[in-house]
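Please open the model in your viewer and keep the selection tool at hand. The stops below say what to select next and what is found there.

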Amino acid sequence: MPKMRRTLLISWLAISVSILSANSWSAELKVMNSGGFTAAYKALAPKFEQATGNTLSTAWGPSMGTAPEAIPNRLQRGEPADVVIMVGYALDELIKQGKVIPGSRAALADSRIGMVVRAGSAKPDISTPEALKKTLLQAKSIAYSDSASGVYIERELFKKLGIEDQVKGKAKMIPKIPVAGVIASGDYELGFQQVSELLPVAGADFVGKIPESLQSVTVFAAGIPTGAQHPDEARQLIRFLASPEAAPEVNKSGLDSLLPLSK
């Protein structure tokens with residue numbers, strides 16, 4: 001094992017031992033998590049549970065919107081939570097409303113927009129703005145999500161490329177379900193969504209991220225709601241999710257870690 005990675009692992013294990021020594025009982029942390037961080041969280045959660053003895057009970061829902069499952073709506077109904085993981089600006093709004101402790105906020109990862117085609121289909125060039133524009137104009141149909149990434153595509157990306165009128169009749173926002181799903185089924189030719197939400201869907205091939213000059217980068221962050229029953233353990237979880245040890249799983253999920261990989 002390379003020296004730096006071994007040092008980081010020993011450091012994390014030392015922290016874990018001190019946590020276990022300080023607590024003669026294990027806590028059940030209630031976590032609310034939004035879609036873009038799902039894959040990374042599912043990979044990292046068992047590691048945190050094993051290292052600390054705490055368990056995680058997770059509720060899933062979007063960072064915003066009118067759905068009953070949306071994290072702001074869950075908190076509004078009084079559902080208990082020790083940690084919320086969501087889009088950064090939506091978390092900031094909850095902080096302004098006094099529903100999340102301001103000093104608890106920690107950025108976890110950047111999320112970028114990517115594109116998929118149906119599995120086995122040719123992968124078009126989207127490496128430059130001009131290539132992406134050509135691909136969109138040639139496509140028979142385009143799907144994008146009803147989340148922040150889709151709103152950006154509909155309201156800004158098409159305008160930046162100067163093709164808003166040309167794609168209006170063939171581009172559609174897909175509500176509630178993963179965009180890659182309607183690509184896998186053959187209902188649409190091209191699909192756009194945050195990369196971390198595209199990769200887990202079978203039947204769709206990932207083409208790549210849209211050019212950086214056209215990106216809309218969404219930050220995922222975590223915070224502790226006011227009234228959390230286990231704030232100390234919640235801080236431990238957030239520190240772990242934002243740590244160098246978590247970075248490989250974060251990047252593997254399609255997100256971009258804010259920290260360098262341990263070596």
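How many bridges join β4 to strand β10 (residues 218–223), and do the two run parallel or antiparallel? Five bridges join them, and the strands run antiparallel. Before going further, note that this is a predicted model, in which local features need pLDDT of at least 70 and side-chain atom pairs count only at pLDDT 80 or more, while totals for chains, interfaces and linings use all residues. Residues are numbered from 1 along each chain as its sequence is written, and side-chain values use heavy atoms, with hydrogens and water left out.

**The sheet**

Select β4 (residues 106–111) to begin; five of its six residues are buried, so the strand is largely enclosed by the rest of the structure. Buried here means under 20% relative accessible area, exposed means over 50%, and partly exposed is in between, with a 1.4 Å probe and protein chains only. Strands (E, at least two residues) and helices (H or I, at least four) are DSSP runs, numbered from the N terminus, and two strands pair if DSSP finds at least two bridges between them.

Now show the whole open sheet, whose six strands have the order β2-β1-β3-β10-β4-β11 with mixed pairing. Its edge strands are β2 and β11, each of which pairs on one side only.

**Helix α2**

Select Thr 52, which lies in helix α2 (residues 38–52) and is buried, with a relative accessible area of 3%. Its side chain reaches the backbone oxygen of Phe 48 at 2.8 Å, and the side chain of Thr 52 also reaches the backbone nitrogen of Asn 54 at 3.1 Å. Just after α2, Gly 53 takes a positive phi of about 85°.

Colour the buried residues of α2, among them Tyr 41, Leu 44 and Phe 48. At Leu 44, shortly before the proline Pro 46, there is a kink of about 30°, where the bend at a residue is the angle between axes fitted to the seven residues ending there and the seven starting there.

**Aromatic pairs**

A search of the whole structure finds three aromatic pairs. The rings of Tyr 41 and Trp 60 have their centres 5.7 Å apart and their planes at 85°, so this pair is edge-to-face. Rings of Phe, Tyr and Trp (its six-membered ring) pair if their centres lie within 6.5 Å, and planes under 30 degrees apart count as stacked, over 60 as edge-to-face and the rest as tilted.

Which of these two residues is buried, and which is partly exposed? Tyr 41 counts as buried at 3% relative accessibility, whereas Trp 60 counts as partly exposed at 35%. A second pair to select is Tyr 144 with Phe 158, whose ring centres are 6.0 Å apart and whose planes are at 75°, so that this pair is edge-to-face.

Finally, return to Trp 60 and select Lys 42, which lies over the face of Trp 60 at 5.4 Å from the ring centre; a charge sits over a ring if NZ of Lys or CZ of Arg is within 6 Å of the ring centre and within 35 degrees of the ring normal.

Key
Polar contact = N/O pair within 3.5 Å; in protein donor to acceptor, adjacent residues only side chain to side chain.
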